Each structure stands twice: as C-alpha cells, then as structure tokens.
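Student: I have a structure open and would like to talk it through with you. Could we start with how its strands are put together?

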Amino acid sequence: VVEESDAALFRRIYSEAMAQIATSSSTDTAAMDPSFVESAQTKNNNHDDLHADDDDNDTLEVPHLSPAEWEEQVAELARRPENNVVFLDCRNAYESNVGHFRAPHADTILTNTRKFSELPSVLLEQSSRLVQTTHVFAYCTGGVRCERATVFLKGLLQHQHPDQPHPQVFQLQGGIQRYLEHASKRNENDPGNDGSDGGDSSSS
C-alpha cells in the first residue's frame, strides 16, 4: 500500500561537488598515482601535489567492457592454453565474500582489503604475479574504484617491470551492479543459461 502525502519529504536538500567519489587520504592518493610508486615503496609520501597528470592518465587508459563483452572476452581468452587470465576483485573483503567472479581456466585475486586506501599496497605485493598474466579483468561494485585501480596497476607494472611484456587490462563497465542487471535480464529470457562460461559471480 502506498500512501500519498502533500507534505514535503525533505525540508531541504543540499548538493555539493566532491573532489573524489572513492575517497582517500593524501598519502593514499599518492600511492594510487603511478609516478609515486617508488615513494610508496619507501614510505616517503610527503608530497603536496598527489594527483597524476591528466596526460599521463590518458596513456594508461583501460578499456571498458560491457557485461556482454566481458562474458564474451573471458570465455574466449580463458579457453586458450597460451593465455593466463586473472580476475582482479577491487572491492573490500566483505563484498568479495558475498560473491566474486570465477571461470574455468581463470584465476581470481581477492584483494581482501578493509577499505579502498589499502588497495595500492595489495597491488604492489601482487605485481610480480600480475605481470606474469596475459589478461587482467578488473571489477568493483559500480566501476568507480576500478577507474583508479587499473590506471595505477598499468603504471605500476610499467614502472616495476619495464622490460617484461605486460598483460592487457580490462575493466567491467558499471561494475557488479551493471553485470547483475545484465544477468537478470538474460536469465529471464533464457532460464537455462547461467553465463558460467563467461565468468559467473559466485560465492567462494
């Protein structure tokens, strides 16, 4: 039952422009900037300007895949024996425990962070493993954290492993939220298709 009322729901509504959606402290922002990788490793993060230049970010741009493209690319690339495919979960430990992507012939890295600001340290620790892969499929809840994490990851690998081939990095457009909407519509049209060949969001 829905009851209508002439009374205003809120007396006042405020809106404010925010510098960051995925917030972090100045030190954490430095760690997410590839130009500060060395500083992050030596814990010398005393910088005033902690944001990457826009021109640098352009060279590190990571392609977005729609949910349908994501499934197609995972299924196609993971089945080839010469490929080393990995899912990179950029969410926190609670979100990952609820459910995460798995697919045949693909590994999943759960970063198991408590908050977004811990992610750079995890990627630093995982860089030697990630540089050995051929394709990285990164995702988060709504796509915001991946924007920063994947740019940092590409810069990190270029900085730490300049003489090695680097994996191709993708990010899921709209994150898990968009993917679940896609999967729900697909399953309504085809109840027998669970999309597992293209990476299903499953609990561990």
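Tutor: Happy to! Two strands count as paired if DSSP finds at least two bridges between them. Keep in mind that this is a predicted model.

Student: How many bridges join strand S5 to S6?

Tutor: S5 covers residues 135-139, and S6 covers residues 168-172. Within this pair, His135 stands opposite Gln168 in S6. The two strands run parallel, and the number of bridges joining them is four.

Student: Which residue of S6 stands opposite His64?

Tutor: Strand S1, residues 64-65, is joined to S6 by two bridges, and these strands run parallel. In S6, the residue opposite His64 is Gln171.

Student: Why is S6 largely enclosed by the rest of the structure?

Tutor: Buried means under 20% relative accessible area. S6 has five residues, and it is largely enclosed because the number of them that are buried is four.

Student: Are Cys140 and Cys146 buried or exposed?

Tutor: The cut-off for buried is under 20% relative accessible area. Cys140 has a value of 1%, and Cys146 has 0%. Both residues are therefore buried.

Student: With which side chain does the side chain of Glu95 make a polar contact?

Tutor: Glu95 is found in helix H5, residues 93-98, and is buried with a relative accessible area of 18%. Leaving aside neighbours within four places in sequence, Glu95 is in contact with Thr141 and Arg145. The polar contact, at 2.7 Å, is with the side chain of Thr141.

Student: What does helix H6 span between its end C-alpha atoms?

Tutor: H6 runs over residues 119-130, and its buried residues include Leu119, Val122 and Leu130. A straight helix of twelve residues, at 1.5 Å a residue, would span 16 Å. Between its end C-alpha atoms, H6 spans only 14 Å.

Methods. Residues are numbered from 1 along each chain as its sequence is written. This is a predicted model: local features need pLDDT of at least 70, side-chain atom pairs count only at pLDDT 80 or more; totals for chains, interfaces and linings use all residues. Side-chain values use heavy atoms; hydrogens and water are left out. Buried means under 20% relative accessible area, exposed over 50%, partly exposed in between (1.4 Å probe, protein chains only). The expected span of a helix is 1.5 Å times one less than its number of residues. A polar contact is a pair of N or O atoms within 3.5 Å; within protein, one must be able to donate a hydrogen and the other to accept it, and residues adjacent in sequence count only if both atoms are side-chain atoms. Contact means heavy atoms within 4.5 Å.
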